[in-house]
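I opened my notebook today to look around a protein, one spot at a time. Here is what I looked up, in the order I went.

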Amino acid sequence: MEDRPPIITVKDSPSPSTGEVTPQLESTKPQMFRFLSNIFEVIVPRDHTGSGFDEWPALLERADGGLEIGKALRTVVSILQYLREKSPAIIAPATKVLADGSRYEPWRLPFGDEKMLDFYLDLLAADEIEHDWTPDALRLVGNTCADLDINRERALAKLKLPALLDRLQEEGKASIAIGVLCNLCLDYELAQVALRANRLFPSLITLLERRCYKQDYLPQIALLLDVAIEDFNPELYSDTQAVTIIHQALTIPGVDIETQVSLANAIVALLKHEQIQKALLEDYKLSIILDLFVFSYTQDAASTNYFSTSESEPPLHHPVQDPEDEAQLTALRSALSAKLWDMTALTEFTIKYLPASKLVQRLISWLSIDEPQMQVCACSILRNVASSDQNATDMVKNFKVHWLLRSLLEDVSNLQVLEESIRLMKNLAVPAANKKELESFESVTLVWSNFESPTLHYAAASLVRQLVRGCFDNVYRFLRPNTSAKDDSYASRLLHLYSNTNDPAIKIEVARTIVEVWRTANSGNSEEVRSRVFRVEKAVRELNLRPDEIVKPVVAMIAESGNQSLVTEGWFGLALMTSSEEWGEAVYNALCGDATKGVFKAAVSSEDAHSKDRDNARILVDRLLKYSVGLLPRHKRSPDDAR
């Protein structure tokens, strides 16, 4: 999107009491001095010694030819001061001519230097009553300030900002006020600070609410909102009023895409305040933010008024866009996604929006729309919905969200979509009732070989760990051959991931998954545990996997992790894995390595009365001693060696 020029030419419309703001610059030199001569001809004496305008007709004639412009302007100021006392009725037509002349860019600085601007600033400041010359005087001020900081400084020193802002609320007067405000403050920080201190933001919100402006001025209002919103006070607008009013302006049919994006970004700026976020949630108006997200694809904000209340989104078409336009829309989506994540992480969201609500159902439908950012946004918000066990269970049991997620895993190649889908599945897999239903090891573990992405690999490994946790049906499924190929299984893919990654986080997640397999196998009464452990060991043999391959990641986690809870978890896992002579030998051999022998001895001999590591390590030693008959001949060791 091209930046708008900071210069806004304030023109008069057919009625002398209104103005029109247009970004078009005047390049044709006007015949201002000739028109002024015609107005002054009857009223102003040609010779008035000491008043500063002797022989003014000849001077103005030369000025129209391009000579002595500065002197001519000073003379006009003197004449205006004379007319103010002698014939104030002439001020109005003269001011209109001068306001038109101020549209000519080369004359803007002379207007300031030769005191023309000061004359009108003083005139406006001296009387708060509306005169017929007031609109044209404001036009002159606005045009003279366009892109000139020196004139802006002059105006800021004398202009009554509250009176100017009050004009925004009056139909027929708002147009000129908008133009003056734009030229006064765009790219000029001092004016921006002053206007914000005089409640620019509330004035603009009231203007939008009352619709006291022509639609052509909405782009300039959007620019002013961008200035005003920096000092927005959420205490004054703690409800949804500001967001709702800006959104209504954005959805007016016919508003150009640039202005729509600007207004949408204003709403995003408001959402940095938690009070506004909570107000939208309390009023069930989060759909406004979803509407903006859809708008970033359709580029037709007006259509979202209908589709936000229906069961389907509008067709998402992509008109040919300038690369800069597309970049702006993409940035808007990213900003909206971030704010939606913040809002939906609030407690108020989980209370107000349950899985059966229209908004959550709308988000679920986004999973089926072939737009990556839309799918990513939906997944991230639905993760927050699934933060409670009840919601997660409803999403799986009643709304089959996992079916859509499986489709994404099988059909999508976008890494971010895949990662967010897996992360949502992990949240859904927390309740025990969902684990068996969510089992999809084939699609999940294939991402390890199909995509080169450490973050995606980590997410997939973390999901596998969650799926096997506390669900022996999933454990057994994980340890069974998944294809006709004897050397391929979900467990072998897990170990292959471990061997082929240098990422410490992935290695730890693999180790924790292995611990979880044994933890789940050892849950239940003693008879169930014996049966489950037997089935695990049998499944591992049938997969042609060696116990030492499976033990290795857990031992490495103990030796290399600086996280005490992970070390404790590792010792616990090893104690559970020492369930037979074969597995005891694998654990013992792994602990005899140079990197782990000292760690093992330190854990066993710990004097810390509350050391879980010591307790788990000693349980491990007891189990190793239980199978020492088989180990002693091979390693010629005494039980004390383990200690």
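Entry 1: I began with the second largest pocket, whose volume is about 410 Å³. I noted the rule for later: on a 1 Å grid over the protein atoms alone, a pocket is an open set of points with protein on both sides within 12 Å along at least five of seven lines, a cavity is a set where a 1.4 Å probe fits but cannot get out, and lining residues have an atom within 4 Å of a point. Grid points are joined across faces, edges and corners, and a volume is the space filled by probe spheres set on the points.

I also wrote down what I am looking at: this is a predicted model, where local features need pLDDT of at least 70 and side-chain atom pairs count only at pLDDT 80 or more, while totals for chains, interfaces and linings use all residues. Residues are numbered from 1 along each chain as its sequence is written, and side-chain values use heavy atoms, with hydrogens and water left out.

Which residues lie nearest the centre of the second largest pocket? I found Trp-448, Arg-493, His-496, Leu-497 and Asn-500 there, out of 21 lining residues. Helix 28 (447-450), helix 29 (454-468) and helix 31 (490-499) each give at least two residues to this lining, and helix 31 has the largest share with 6 residues. Helices (H or I, at least four residues) and strands (E, at least two) are DSSP runs, numbered from the N terminus. I sorted the pocket lining by class and got 6 nonpolar, 9 polar and 6 charged residues. For the classes, Ala, Val, Leu, Ile, Met, Phe, Trp, Tyr, Cys and Pro count as nonpolar, Asp, Glu, Lys and Arg as charged, and the others, Gly among them, as polar.

**Entry 2: a cavity.** How many cavities of 30 Å³ or more are there? I counted 1. The largest cavity holds about 90 Å³ of space. Among the residues lining the largest cavity are Phe-478, Leu-494, Thr-513, Trp-518 and Ile-550. Helix 31 and helix 32 are the elements that give two or more residues to this lining, and helix 32 gives the most, with 4 residues. The lining of the largest cavity has 11 nonpolar residues, 1 polar and no charged.

**Entry 3: helix pairs.** I followed helix 32 (residues 504-521) to helix 33 (residues 526-542): their axes come within 8 Å and cross at roughly 145°. Axes are lines fitted to C-alpha atoms, for helices over the stretch in contact, and angles run from 0 to 180 degrees between N-to-C directions. Val-517, Trp-518, Thr-520 and Ala-521 of helix 32 make the contact with Val-529, Arg-532, Val-533 and Val-536 of helix 33. Contact means heavy atoms within 4.5 Å. By class, I have 6 nonpolar, 1 polar and 1 charged residues in this contact.

Next I took helix 1 (residues 32-40) and helix 4 (residues 91-101), whose axes come within 10 Å and cross at roughly 180°.

**Entry 4: what is covered.** Buried means under 20% relative accessible area, exposed over 50%, partly exposed in between (1.4 Å probe, protein chains only). Why is helix 4 called largely enclosed by the rest of the structure? It is because 8 of its 11 residues are buried. Helix 1, helix 3, helix 5 (108-113), helix 6 (116-126) and helix 7 are among what covers those buried residues. In helix 7 (residues 134-144), 11 of 11 residues are buried.

**Entry 5: two residues.** Ile-69 lies in helix 3 (residues 69-86) and counts as buried at 17% relative accessibility. Leaving aside neighbours within four places in sequence, Ile-69 is in contact with Phe-33, Ala-63 and Trp-107.

Gln-260 sits in helix 15 (residues 257-270). Is Gln-260 buried or exposed? Gln-260 is buried, with a relative accessible area of 3%.

**Entry 6: the whole protein.** I finished with totals: the protein has 40 helices and 2 strands, and buried residues make up 54% of its 643 residues.
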